[in-house]
Amino acid sequence: MPYLGNEDIVKDLRRALSNPHVQSDHLRYRNIILKVIRLMSQGVDVSSLFSEMVKACATVDIVQKKLVYVFLCSYAALNPELSLLVINTLRKDCQDPNPMVRSLALRNMTNLRLPSLMEYVEQPLTAGLRDRAACVRRVAVLGWAKLHNLQPNSEIDVKVVNELYSLLRDPDPVVMVNCLRALEEILKEEGGVTINKPIAHHLLNRLKECDVWGQSEVLKILQRYQPHSDDELFDILSLLDASLVSTHPPIMAATLSLFLSLCSALPAVSLAALERVQGPLLAACGSPSREMRFTALCHIQLLLRSVPGMMGAHYKRFFCGYAEPAFIKQRKMQVLVELVNDENVAMILDELKEYCTDVNTDTAQAAISSIGRIGRSYSDRCLKILTDLLGLKQEHITSAVVQTMRDLVWVCPQCSETVCSALEGCEEILQDSQGKQALLWFLGAYGDRVSSAPYTLEVFIDGVRCENSSRVKMELLTASLRLFLCSPAETQDMLGRLLHYCIGEETDMCVRDQALLYYRLLQCGVDETRKVLQGRRSDPSLGVLIGRSAEPVSQWAHSFNTLKPLWQNPAETESVNSDNLEHKVSDPTSDLSETLNSCQVESVLTDSGGECPQTPTDALATSAVVPLSLFPTLSPEDFERLWLQGAEHAEEENKDYMCKTEHIQCPDVTHILPQSFQAAMQLLNIQTLAFTPPHVLPWRVYLYTHVAVTPRSTLILAELLYTGETNEEGGAYDSTGDTENANETAVEEKATLAQRNNSELARKTRHTKAIKVTLKQKPRDANALGGFLSILTTILHTLSSETV
């Protein structure tokens with residue numbers, strides 16, 4: 001807002017600008033104009049000097065012209081009538097012999113931004129497009145874009161558009177790039193500039209002549225062009241190969257984005273391009289600019305979604321510096337979690353342990369959370385570090401550790417014993433609501449293993465009137481009721497006091513409604529309450545695989561070299577698929593067919609109608625007959641829900657549902673690494689959800705896949721169980737189906753016949769060890785199920801033979 005009370009200063013400046021003696025002294029006159037500009041930049045209203053400044057622009061001094069044009073462009077909107085006085089001077093300058101004066105006049109003529117002056121501007125701009133000086137043509141091209149921006153609804157002049165297209169072959173590279181930008185603005189409603197084969201090849205051949213930002217602009221525009229043949233595609237890729245490893249991050253990022261766009265149908269070429277940009281990205285992570293480092297880290301996280309271990313050998317480049325800002329440290333820690341493997345886990349954990357005591361609480365808590373994520377695969381080492389951090393007895397560290405341990409126990413139930421013993425006595429340190437919620441969840445879920453759980457809950461219940469967080473109160477209600485089901489004698493009185501307060505005195509309606517729900521649930525009986533609050537728990541021997549599976553490059557390629565990776569939290573991208581699916585299948589009464597319909601599974605391939613493969617060696621060929629798909633993805637919770645629904649369908653003898661058990665003869669499979677097994681399955685679009693750690697019996701794996709066949713898709717859930725015992729009954733395909741139907745379809749009869757043909761193989765391997773495979777499928781499709789089983793057999797034989 002302009003400052004007031006400067007009328008005297010403005011009057012003195014007006015007198016000085018009108019003084020003939022000052023005007024005759026060019027240096028003195030320029031200094032007065034400079035004072036006007038200085039006051040304008042300080043917020044003083046000097047618009048009353050507009051007429052005097054208009055007279056001052058009639059000079060041969062270029063510096064004075066620049067100063068006056070800055071003033072005129074700032075106040076032209078407030079003085080549209082007086083601005084007409086400037087046009088004659090500007091049009092005259094457009095014909096000046098000095099190209100700098102001509103370009104300056106054109107630029108400021110369009111910067112006035114007055115629609116009433118449009119008719120006076122068009123003719124100089126048209127002449128500027130044909131000017132012999134490149135600097136004038138640059139300004140004239142952008143001037144047409146500014147003119148269109150002033151009146152976006154006006155009719156597009158075809159002659160101007162054709163002139164701009166012809167200037168794409170201008171010898172000056174800046175003019176060429178400016179033409180692209182101007183055409184993008186003018187033809188925005190028509191989709192922007194049209195890139196055909198001659199234009200695309202011309203831009204590619206002149207790419208090296210442009211500056212950094214010019215090359216970035218050209219590469220971005222070229223994403224619209226699709227080569228007409230493979231030879232043309234690879235010629236383009238060859239031209240761009242040098243730009244892919246450019247030392248300038250903008251050029252490298254734009255080139256990679258173009259690579260991914262051109263090679264969307266060639267995933268191998270896309271992955272090779274990702275490998276090539278490792279060096280430039282790592283160099284950008286060491287840039288002096290904080291913004292550049294943060295941007296490079298965000299884009300590295302995108303690449304790791306498709307190539308998880310790509311930068312594992314350079315993990316030390318992501319160690320945090322002491323003086324780095326918190327937002328960079330936290331991003332580096334997120335990248336370190338993605339790079340953990342058996343060789344570097346000790347070094348990374350030691351580094352993260354140092355960050356846990358950082359003076360910045362957000363950085364310290366992020367480091368603790370990163371240790372917890374690594375703990376999903378290396379639980380023993382991480383639990384030791386987390387337990388040691390509890391000994392520091394600092395509030396923010398203790399709160400973060402308790403929350404991290406809760407998250408770790410959710411996915412690794414085998415850690416519950418160690419966690420329960422470590423958390424005793426930390427309730428006195430916790431002050432924030434999130435830490436209290438995590439502790440209360442432990443006391444409710446594993447209160448039977450914590451000896452002091454009733455006494456700790458009683459302390460929370462006695463202080464419930466002083467508690468401000470409604471979430472803590474709701475968690476306290478749940479924990480108290482769960483503990484009551486385990487130790488009724490010790491918690492009955494305190495639970496009654498808590499319910500009495502929450503129902504009668506609590507003002508928060510959410511807390512009151514939850515208390516009423518639990519009160520009425522208890523009136524239905526303890527057994528009913530136990531069914532609601534104590535659901536089925538996961539098998540503690542299973543370990544969920546860390547991180548997410550490798551994603552196709554096409555899934556994130558459109559967001560590369562944009563602002564999206566900068567503001568999107570990696571935790572959101574990690575769970576976006578499972579979250580969407582969780583909302584779609586949240587109803588536990590919905591059956592499998594409804595779930596598939598809600599996920600909008602597309603039936604894209606037709607049923608081949610062929611028989612199941614006769615031998616395991618033909619299994620991989622079956623993948624072309626039985627099209628498997630990973631989408632829509634299932635979270636572990638969704639898998640468990642659908643698995644239990646399958647048991648209900650089996651009991652009801654649903655004819656559209658198939659549940660059967662097979663035995664696959666296979667050597668010892670307990671040596672197979674989870675990462676190898678997961679990679680092999682994903683190669684054929686079979687998703688691994690949970691995997692028993694190596695060298696543990698019984699060995700168990702949970703899998704799923706979708707088979708896209710017409711007229712509808714089918715979902716297959718599978719459990720692999722290996723106990724190490726000799727199979728005395730089954731062969732390679734020993735079927736003991738749980739459901740039998742008298743009216744078998746023709747396809748099912750063919751599949752059964754194919755399985756019987758393997759009886760000779762079964763007799764030869766009668767006394768070998770076998771893997772029990774439990775399959776659940778809906779809707780029923782014997783051909784798809786047989787193909788899936790053949791593929792599974794081949795993978796297991798291949799992996800077990802490599803590890804033996």
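Predicted model: local features only at pLDDT ≥ 70, side-chain atom pairs only at ≥ 80, totals over all residues.
Me: I374 was in your list. Where else does I374 turn up?
Reply: I374 is in the largest nonpolar core, where it is one of the residues with the most contacts, along with V46, F71 and F318. That core has 189 residues.

Me: Which helix gives the most to this core?
Reply: Helix α15, residues 249–262, gives the most, with nine residues.

Me: What about other cores, what lies apart from this one?
Reply: Another core of 33 residues lies apart from it, and F677, L703, A718 and L789 are among its members.

Me: Back to F71. What is F71 in contact with?
Reply: Leaving aside neighbours within four places in sequence, F71 contacts V36, I37, M40, V46, L49, F50 and M53. V46 is, like F71, among the residues with the most contacts inside the largest core.

Me: How long is α15?
Reply: α15 has 14 residues and reaches 20 Å from its first C-alpha to its last. That is close to the 20 Å expected at 1.5 Å a residue.

Me: Is α15 mostly covered or mostly exposed, and which residues are buried?
Reply: α15 is mostly covered, with twelve of its 14 residues buried. The buried ones are P250, I251, M252, A253, A254, T255, L256, S257, L258, F259, L260 and L262.

Me: What do those buried residues pack against?
Reply: They pack against α13 (212–221), α14 (230–244), α16 and α17 (278–285).

Me: Which part of the structure encloses α18, and why call it enclosed?
Reply: Eleven of the 15 residues of α18 are buried, so the helix is largely enclosed by the rest of the structure. The buried residues include R293, H299 and Q301, as well as F294, L297 and I300. α18 covers residues 290–304 and reaches 21 Å from its first C-alpha to its last, close to the 21 Å expected.

Me: You mentioned α16. Where is P267, and is it buried or exposed?
Reply: P267 is in helix α16, residues 267–276. P267 is exposed, with a relative accessible area of 56%. The C-alpha atoms of P267 and S554 are separated by 8.6 Å, although these residues are 287 apart along the chain.

Me: Is T404 buried or exposed?
Reply: T404 counts as buried because its relative accessibility is 6%, and the cut-off is under 20%. T404 is in helix α23, residues 395–411. Beyond residues up to four places away in sequence, T404 touches I368, S369, G372 and L386.

Me: Now loops. Where is L697, and what does it touch?
Reply: L697 is in the loop between β4 (687–691) and β5 (699–707). Residues up to four places away in sequence aside, L697 touches T670, Y722, T723 and G724. The C-alpha atoms of L697 and T723 are 5.9 Å apart, with 26 residues separating them along the chain. L697 counts as exposed, at 51% relative accessibility.

Me: Which peptide bond is cis?
Reply: The bond from K778 to P779 is cis, with omega near -5°. P779 lies in the loop between β7 (770–778) and α39 (782–803).

Me: What is the phi of K393 and of N561?
Reply: K393 has a positive phi of about 55° although it is not a glycine. N561 is not a glycine either, and its phi is positive at about 65°. K393 lies in the loop between α22 (379–390) and α23, and N561 in the loop between β1 (543–544) and α31 (564–567). K393 is exposed at 58%, while N561 is partly exposed at 38%.

Me: Last one. How many helices and strands are there, and how much is buried?
Reply: The protein has 39 helices and seven strands. Of its 804 residues, 51% count as buried.

Note on methods. Residues numbered from 1 in each chain as written. Heavy atoms only, no water. Core = buried A, V, L, I, M, F, W, Y, C linked by side-chain atoms within 4.5 Å. Buried < 20%, exposed > 50% of the residue type's maximum accessible area, 1.4 Å probe, protein only. Helix = DSSP H or I, 4+ residues; strand = E, 2+ residues; numbered from the N terminus. Contact = heavy atoms within 4.5 Å. Expected span 1.5 Å × (residues − 1).
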